[in-house]
Amino acid sequence: MSQALNSEKPETILSVRNLRKFFGINRAAARKMLQEGAGKSDILKRTGVTVAIDDVSFDVERGKIFALIGLSGSGKSTVVRCVNMLQRPTSGQILFEGRDIVHMDKKELYELRRSKISMVFQSFGLMSHRDVMGNVAYGLDVRGIGKGDRERKAMEMIELVGLEGWAHKPIGDLSGGMKQRVGIARALCNDPDLLLMDEPFSALDPLARRDMQFELLSIQKKLGKTIVFITHDINEAFKMGDTVGIMRDGRIEQLGAPTELALSPANDYVKEFLGSIDKTKVLSVRHIMITPSCLIREQADPVTAIREMRVNDVSTAYVIGRKMEFIGILALNAALQARHDNLPSVASVITRDVPNVEQNVLIGDIIGLASETPFPLAVLDDRGRLEGIVSRAAILSCLL
Amino acid sequence: MNEWILKFPQSLTINPGELVDNVIRQFSRNHRASLSVIKNTTVWMLSGIENLLGMVPWWLLILLTAWAGYKVSRKWKVGGLYGAMLFLVGSFGLWALMLETLSIVIVSVALALALGFPLGVLVAMNRHVETVMQPVMDFMQTIPSFVYLIPAAMLFSVGKTPAVMATLIYSVVPMIRLTSHGIRHVEKEVVEAGIAFGSTRLQLLFNVQVPQALPTIMTGVNQTIMMAMGMVVTCALIGANGLGMEILVATNRTEMGRALMPGISIVFIAIILDRLTQGSLARKPLGEDRREAL
């Protein structure tokens, strides 16, 4: 749907190619062992080199959220630290807007960090010797922007994250959630093109975390920033990410949209990893709807309708008009009554006010509706045509 | 034969001491000009501080100490106690000697901080400097403090200048150590944040690392003052006038009573200096007062 609106081809803002990062002295030997297909624990034992990232490639589109997920030690944080060169990659390319940042000189790198890429940290990384304002304005400060200008811009960001009135409070006075708001405001203050977020909500309590996820999504919608989002919480990754990459042992196991991963996990590891997700928040109606077995035209006479229903062994049938538009539902006993009354067509006994849903609605959002409706829900397209039905059994199977 | 097994043989002993003496003498002869510059500067600083202290009326100094005591502890009792201690030193008849001791301490500490802070930063930033400085600092801290007196006296003869030099060398080590320790142990993500927002190396140092390390660095300042306080007494042995000299004279004459008053005075001054510097840094991490402190 969104692609139909966005006729422009999506633009790749960040492209990571064959990224590798080894920690240790004897990296050449480690590379050789890796090429010979040795396992990571063997390499560590023989050469003392830790293979943190092993051949990772992915693209991030402008304005989208790319979520990278994995257990601790899977290399996800190292990947994000390579993107702004907090860690220097051992090999590979990191193309930001088409330029390889691995080979940038110092000046270009400062420039990149000051105006293009900024970062939000897991334990906030705030400077306790500066107040909220001082922290938010830090990026502008090192750029040499005058006090008036930078404080005006910082105040804007402080208000954006909902910290009005806290600008001159010391960091120590803030709660965890508020600290991370400061972290986000600081990252946005440079007006960067790319936001790196390294497990930004992991240190928060569950309630604050949900708040912040919502807040970040709405900020992202407002500003249209591109985000690389690291997390170890699969539900968070699926909630935030337009694309999700699952990492294990320094490799990306699978890359795709949340629904793609949920519907066709590439291997057992991914399947197990996805075991804990709430499918109703990932899958939409489209993924579980089926074609109704018994369709009846509005003008059909009762005898035909009853025969049709008997053949298909159902007690309710979906009634459609000439152009496949959905009319309502015909119950078997209503059809029997119509035959008894010798009505020319079933049109007058159709239940017309039937609840219906659209394809792209998340399953989680229709559970209530489905439980109140005695028959399967009708799925309609935007012109009111019947596309399929969703049975309660199908919805229940998603909850398991 | 027996001799060889039980006693260290005479023929295997060496005497590098003479060599060291010669080197220092040679050095002193060859660098007379630069040594005299150092000496003149030190003397100039010492007399400046002494004059400055001399201009402050005794009661004002006592009041200032009491007020500072109140400021760091928020208790009038504590302030009053510090004031009373200082008053007692005066009533022992040791006010002038105390000022002399204090001026040596102030000059040595000022020099130790000016030298120790940049060295500490260098040690924190550069692995090679660290590798060199680590054993040197261990060496400097374990050598008995008396030993510093001799080269100081050889290079600057007797008086307050060699006292300042010996005190400086003895007390600079904790400043270097704690500065580098503080900088190195700034929270990792805070440093990363500094880098991630495009700080240059110097910006990172002065905007992030040093301010974050300040509590540790202040502990270094406190330690330096305390060590200088201890050393300055020993420096009486090379003719530095002050409270230490009074103790030295009394000790030589085995006059216990006479040694007691300056001894107590030194303890009082040390307590006051320690509490005032420690108190001013203990309050900082709590937040509210932090901004003014910086």
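**Packing between and within chains A and B**

The buried residues of helix H10 of chain B pack against H5 and S6 of chain A, and also against helix H11 (201-234) of chain B. The model is predicted. H10(B) covers residues 188-196, and its buried positions are B:Val191, B:Ala193, B:Gly194, B:Ile195 and B:Ala196. Just past the end of H10(B), B:Gly198 adopts a positive phi of about 90°.

H5 and S6 of chain A also figure in the contact between the two chains. In that contact, 19 residues of chain A meet 18 residues of chain B. Three elements of chain A each supply two or more residues to this side: helix H5 (106-115), strand S6 (117-120) and helix H7 (138-142). By class, the chain A side comprises eight nonpolar, seven polar and four charged residues.

A:Ala137 sits in the loop that links helix H6 (132-136) to H7 of chain A. A:Ala137 counts as buried because 27 C-beta neighbours lie inside 10 Å, against a threshold of 20 or more. Beyond its neighbours within four places in sequence, A:Ala137 contacts A:Arg150, A:Glu151, A:Ala154 and A:Cys189. Its C-alpha atom is 9.7 Å from that of A:Asp149, a residue 12 places away along the chain.

Chain B is helical. It has 14 helices and zero strands. Its 294 residues include 36% that are buried. The C-alpha atoms occupy a box of roughly 75 × 55 × 45 Å along the principal axes. Contacts in chain B between residues at least 6 apart in sequence were also examined; 74% of them join residues at least 24 apart.

H7(B) spans residues 127-142. Of its 16 residues, the number buried is one, so H7(B) lies largely in the open. From first C-alpha to last, H7(B) reaches 23 Å, close to the 22 Å expected at 1.5 Å a residue.

In chain A, strand S8 (residues 226-231) is largely enclosed by the rest of the structure, since six of its six residues are buried. In a regular strand the side chains alternate between the two faces of the sheet. In S8(A), A:Thr226, A:Val228 and A:Ile230 point one way, while A:Ile227, A:Phe229 and A:Thr231 point the other. Residues of both sets are buried. S8(A) has parallel pairings with two strands, S3(A) and S7(A). Strand S3 (residues 65-70) of chain A joins S8(A) over five bridges, with A:Ile65 opposite A:Ile227. Strand S7 (residues 194-198) of chain A is likewise joined to S8(A) by five bridges. There, A:Asp198 stands opposite A:Ile230.

Strand S9 (residues 243-248) and strand S10 (residues 251-256) of chain A are joined by five bridges. A:Ile246 of this pair faces A:Gln254 in S10(A). The two strands form a hairpin with two residues between them. In the turn, A:Asp249 has a positive phi of about 50°.

A further sheet of chain A is open and holds three strands in the order S11-S12-S13, with mixed pairing. Strands S11 (295-297) and S13 (326-331) of chain A are at the edges; each has a single partner strand, so one side of each is left without a neighbour in the sheet. From one strand to the next, the twist averages 35°. S11(A) pairs with strand S12 (residues 316-320) of chain A in the parallel sense, over three bridges. Within this pairing, A:Ile296 has A:Val319 of S12(A) as its bridge partner. Helix H15 (residues 302-312) of chain A packs on the sheet and touches S11, S12 and S13 of chain A. The direction of H15(A) makes about 125° with that of S12(A). Helix H16 (residues 332-340) of chain A lies across S12 and S13 of chain A, at about 80° to S13(A).

How values were computed: Residues are numbered from 1 along each chain as its sequence is written. Chains are lettered from A and ligands numbered from 1 in the order in which they are written. This is a predicted model: local features need pLDDT of at least 70, side-chain atom pairs count only at pLDDT 80 or more; totals for chains, interfaces and linings use all residues. Helices (H or I, at least four residues) and strands (E, at least two) are DSSP runs, numbered from the N terminus. A residue is buried if 20 or more other C-beta atoms lie within 10 Å of its own, exposed if 12 or fewer, and partly exposed in between; C-beta atoms are placed from the backbone. Two residues are in contact if their C-beta atoms, placed from the backbone, lie within 7 Å. Two strands pair if DSSP finds at least two bridges between them. Axes are lines fitted to C-alpha atoms, for helices over the stretch in contact, and angles run from 0 to 180 degrees between N-to-C directions. Ala, Val, Leu, Ile, Met, Phe, Trp, Tyr, Cys and Pro count as nonpolar, Asp, Glu, Lys and Arg as charged, and the others, Gly among them, as polar. The expected span of a helix is 1.5 Å times one less than its number of residues.
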